[in-house]
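The sequence and the model come next.

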Amino acid sequence: MTLENINPTGTVAWQKLRAHFETIAHTPMQKLFTEDGDRTRKFHIQWNDFLLDYSKNRITSETVQLLLALAEEAHLKEAIQNYFSGDKINVTENRAVLHTALRSSEKNILVDGANILTEVEAVQLKIKSFAEAIISGNRKGFTGKTFTDVVNIGIGGSDLGPDMAVEALQFYKNHLNLHFVSNIDGDHVAETIKKLNPETTLFVVVSKTFTTQETLSNAITLKNWFLQSGKAEDVAKHFVAVSTNLEKVTEFGITSENTFPMWDWVGGRFSMWSAVGLSIALAVGYDNFKALLDGAEEMDQHFKNEPFEKNIPILLALLSIWYNNFFGCETEAVIPYSQYLKKLAPYLQQAVMESNGKCVDRNGNPVKYQTGNILWGEPGSNAQHAFFQLIHQGTKLIPCDFIGFKECLHGNKEHHDKLMSNFFAQTEALLMGKTDSELTAEGSKNAFLMPFKTFEGNKPTNTLLIKKLTPKTLGSLIAMYEHKIFVQGVIWNIFSYDQFGVEYGKQLATTILEEIQTGTAKPHDSSTTFLLQEFLK
Ligand code: F6P
């Protein structure tokens, strides 16, 4: 079974949402709060260590009911069933979408008649024993020294997830120094090499396809650098690979013993739960890696089993559709109030935009409505001093997710209280704004300055207050966004799990590289030809 083909704009709920939008679009949230003292009780969800308050949105109970009806009409329930049970919902690549299987505690998930959990478990055991051998120092480098540094060589989904998670879990880290080399820009690898000693460095080459230009070029450069000190037979001690393409890995010179398999039913941008997360297990130990998986599985269970109206990923997805498709918002921001989450936005950018950046529906027809949102963000409080001005007083409506933690990790309560006071203050200011009369009451007398100093407010935010940043809550948080992406793809009637656009860019670059290397620019559009000629001069 695959996903059904339902044009969202043809549903009854969509038509009703359109009409409802006209009635609510000009109602300020301040009024909704004044009129309904029960609003926050109605519009919040408490789940495990998570509290989602979505009351600061431009919604009423009717909006939520209509959005939930849209999800029903899009047959979301059946789609969730298809997703978790391994149906080939990635139709354009004829694949199942089963990153959830990588953290599942079930006994049996079938793909093409075989139980994939047997292999998943075997690879997890391999990750565990390898990570433990490196961390403990039992496995040594070619001169008998223990490893001090690990370089993850990968790009996109083979880089962003591990890099984000290692950064996020820095508090739980062991002695190993982690480095991430992704960019084909030779300066990236050159700067990394400066920090390394070949005798004590482990290289993890991560590429689902093992054909990605950036990853292979960086891996070759690092291998050549390593071979200036070590011999060919030492490569086995220092290079391991994560891939589905075992043939190409062997060609590169990495043995099967040093290879961690993954599977085509795991999308690159959802792969940090597989051996792609080896660097995470190395950085924080296997138990913490397992806790990350457990946290994700708890969110999977919540998503699968909780009624839609109490389901965090579903509500977040529907609210996002409300702004994207009815208010015409182009972007949304994610603002974590934790410096540890500074790589969350770049990670989510790939997950969200590579998945739902599609303009053709599941029939292959151009969509006549907006799909994937543009996602961006930075940690608070830094973000307040960068782009918040535009969110407060610009002309664009930018819904934001605010993510904060009740407890801090280093126990510096004074800093944490200051951080969180900013967290709460911003969502309050975005909601309430500031009126002329408030300014006057504060003693503002300059009439000319009034328009500049008033704030309309009425800016939507979701507040996610989580107990503490742990491997487990991080796992739940990432899984929450993964499911939000899925729900949006289902409702927009698009295929979220291919990425042909990115692949086209890769092809073009290969052709142009040939021209650069041979010094002969073939005909392109006049601008590209001109630029290539200038570059080749
Ligand atoms: O960026 C395009 C992409 O195909 C991503 O989907 C993927 O995560 C990345 O390239 C890396 O691919 P691979 O893991 O095969 O090297």
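Axes here are lines fitted to C-alpha atoms, for helices over the stretch in contact, and angles run from 0 to 180 degrees between N-to-C directions. Helices (H or I, at least four residues) and strands (E, at least two) are DSSP runs, numbered from the N terminus. The model is predicted: local features need pLDDT of at least 70, side-chain atom pairs count only at pLDDT 80 or more, and totals for chains, interfaces and linings use all residues. Residues are numbered from 1 along each chain as its sequence is written.

**Helix pairs**

Two packed helices are described by the angle between their axes and the distance between the axes.

| Pair | Axis distance | Angle |
|---|---|---|
| H1 (residues 12-24) and H4 (residues 61-73) | within 9 Å | roughly 160 degrees |
| H14 (residues 312-327) and H20 (residues 471-492) | within 8 Å | roughly 50 degrees |
| H13 and H20 | 6 Å | about 45 degrees |

Angles under 35 degrees count as roughly parallel, over 145 as roughly antiparallel, 65 to 115 as roughly perpendicular and the rest as oblique. H1 and H4 are therefore roughly antiparallel, H14 and H20 are oblique to each other, and H13 is oblique to H20. A crossing is left-handed if the near helix is turned anticlockwise from the far one by less than a right angle, and right-handed if clockwise. H1 and H4 cross in the left-handed sense; the crossing of H14 with H20 is right-handed, and H13 also passes H20 in a right-handed crossing.

Residues are in contact if their C-beta atoms, placed from the backbone, lie within 7 Å. By class, Ala, Val, Leu, Ile, Met, Phe, Trp, Tyr, Cys and Pro count as nonpolar, Asp, Glu, Lys and Arg as charged, and the others, Gly among them, as polar.

In H14, Ile312, Pro313, Ile314, Leu316, Ala317, Ser320 and Ile321 meet Met480, His483, Lys484, Val487, Gln488 and Ile491 of H20. This contact comprises 9 nonpolar, 3 polar and 1 charged residues.

On the H13 side of its contact with H20, the residues include Ala291, Leu292, Met299 and Phe303, and on the H20 side they include Pro471, Leu474, Ile478 and Met480. The division here is 11 nonpolar, 6 polar and 4 charged.

Asp287 also lies in H13 (residues 286-305).

**Burial and backbone**

A residue is buried if 20 or more other C-beta atoms lie within 10 Å of its own, exposed if 12 or fewer, and partly exposed in between, with C-beta atoms placed from the backbone.

Phe210 is not a glycine, yet has a positive phi near 55 degrees. Phe210 sits in the loop between strand E7 (201-206) and helix H9 (213-226), and is buried because 25 C-beta neighbours lie inside 10 Å. Asn458, likewise a non-glycine, has a positive phi of about 65 degrees. The loop holding Asn458 runs between helix H19 (450-453) and strand E13 (461-466); with 19 other C-beta atoms within 10 Å, Asn458 is partly exposed.

Gly380 and Ser381 are joined by a cis peptide bond, with omega about 10 degrees. Ser381 belongs to the loop between strand E11 (374-376) and helix H16 (388-393).

Notes. Contact = placed C-beta atoms within 7 Å.
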